[in-house]
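Here's a quick briefing to read with the model open in your viewer. Take a look at the fold before going through the notes.

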Amino acid sequence: MDGNLKDLAVETYNRVVTAELRINELVQERLSFGDPLWRFFTVYLEPGFLFNLLIPMCGIYSQALLTRLLFAVGLASTLNSFFKWILPEQRPLWLLREMYASSVRYPSPVVALESHPLSCETTAGMPCAHSMSFTVFTLTIWMFLYAQSRQRWLKGTVVPGLIFCMWLSRLYLATEFLHQCVLGTFIGMQAMDALNQNADYLWSRSRRWAVTGVFLLGGLSAAVYFVKLSLDVDPHWSVREAFKWCPDPSYMRHEASPIFYLVRDLGILMGMALASPLSELDTKNASVWRRCIVLVVLELFNFGMRWATPKQNGRFAFLAYELFRNALHSLLLLKYIPKLK
């Protein structure tokens, strides 16, 4: 009985994702006129760009907004990274090329998708990191502006429109299935709700409590790695799939691997933990010009550190450096930049 249910579930899943491939194809065929816009959303509104530029620049408007954004998007991105680390899922181009390569396992596909350099991502597809992080980012800004000036129209028109454009961007580049985009947004909204309900508790935690929590998360990610090895499951399955099906390996980047995303997010959390308790942080604003100058200098410094990342000195040095850089960046943004104002 259990075997029949498992076979039925697998067959149903295969039918759903095969049907969703047609959605990707339709978006590529009918919405190709928006190619620059879809590329803009994927390149300039992805989680790394949010952390390295957009969230810091929001501090020019308000230090309180910067703190909320870094807290919410950082936790949501970490949740997303753990989802992909524990239960990886196929991406559209990987599945489609497997269908073409294995006529025995899959029926002959009737879908053709165009590949782009941006399509070669090395993390798993579920849930969509772009949709999840961007949803939390836009909703946090809306909630902050609503509390300040009651801008109701943002939630009803602008926010859904931006999130929908992010979905179309991911579908157009064939990097995600529709259900991965929708679930990314849904999980992001649920995470926002949970954070809002427990905000006072989380913001009041001591530094020792927060740092211990980050170490426990790091231990959990390491435990998942060794459990997968013991079960003969490849922890780097998504990276091997990307190398297997990407038309040009030069399109892939070190900083797009699942291990990197985990380390990046844990680094951001460590910076927040070292700045804890967040409820005691200084969020008063100085003049706009002073905030602008301080944050621009910090981001130029951060850009220099990113440019100097030791990519040729082995994986351990690369990951340790990125953990330190992200922790330092978020710590400076939250605790020390306000003191310079």
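Predicted model: local features only at pLDDT ≥ 70, side-chain atom pairs only at ≥ 80, totals over all residues.

**The disulfide**

- The link runs from cysteine 120 to cysteine 246, with an S to S distance of 2.0 Å.
- It's a right-handed link, with 90° about the S-S bond of cysteine 120 and cysteine 246.
- What does the pair tie together? Cysteine 120 sits in the loop between helix 5 (92-101) and helix 6 (129-149), while cysteine 246 sits in the loop between helix 11 (237-245) and helix 12 (258-274), so the bond connects parts that are 126 residues apart in sequence.
- Cysteine 120 and cysteine 246 are both buried.

**Cysteines with no disulfide**

- Cysteine 58 is in no disulfide, and its nearest cysteine sulfur belongs to cysteine 292, 13 Å away.
- With a relative accessibility of 15%, cysteine 58 counts as buried, because the cut-off for buried is under 20%.
- Cysteine 181 is in no disulfide either; for this residue the nearest cysteine sulfur is that of cysteine 128, at 4.4 Å.
- Cysteine 181 has a relative accessible area of 0%, so it is buried.

**The largest cavity**

- By residue class, the lining of the largest cavity splits into 8 charged, 5 polar and 4 nonpolar.

**A buried glutamate**

- Glutamate 98 belongs to helix 5.
- Is glutamate 98 buried or exposed? Its relative accessible area is 11%, so glutamate 98 is buried.
- The side chain of glutamate 98 makes a polar contact of 3.4 Å with the side chain of glutamine 90.

**Aromatic pairs**

- Tyrosine 44 and phenylalanine 49 have ring centres 5.3 Å apart and planes at 80°, so this pair is edge-to-face.
- Tyrosine 44 is partly exposed at 39% relative accessibility, and phenylalanine 49 is partly exposed at 23%.
- Tyrosine 225 and phenylalanine 226 also pair up: their ring centres are 5.3 Å apart and their planes are at 85°, so the pair is edge-to-face.
- Tyrosine 225 is partly exposed, with a relative accessible area of 24%, whereas phenylalanine 226 is exposed, at 55%.
- One aromatic cluster is formed by Phe40, Phe41, Tyr44, Phe49, Phe134 and Phe137.

Technical notes: Residues numbered from 1 in each chain as written. Heavy atoms only, no water. Disulfide = S-S within 2.5 Å. Helix = DSSP H or I, 4+ residues; strand = E, 2+ residues; numbered from the N terminus. Buried < 20%, exposed > 50% of the residue type's maximum accessible area, 1.4 Å probe, protein only. Nonpolar A, V, L, I, M, F, W, Y, C, P; charged D, E, K, R; others polar. Polar contact = N/O pair within 3.5 Å; in protein donor to acceptor, adjacent residues only side chain to side chain. Phe/Tyr/Trp six-rings, centres within 6.5 Å; stacked < 30°, edge-to-face > 60°.
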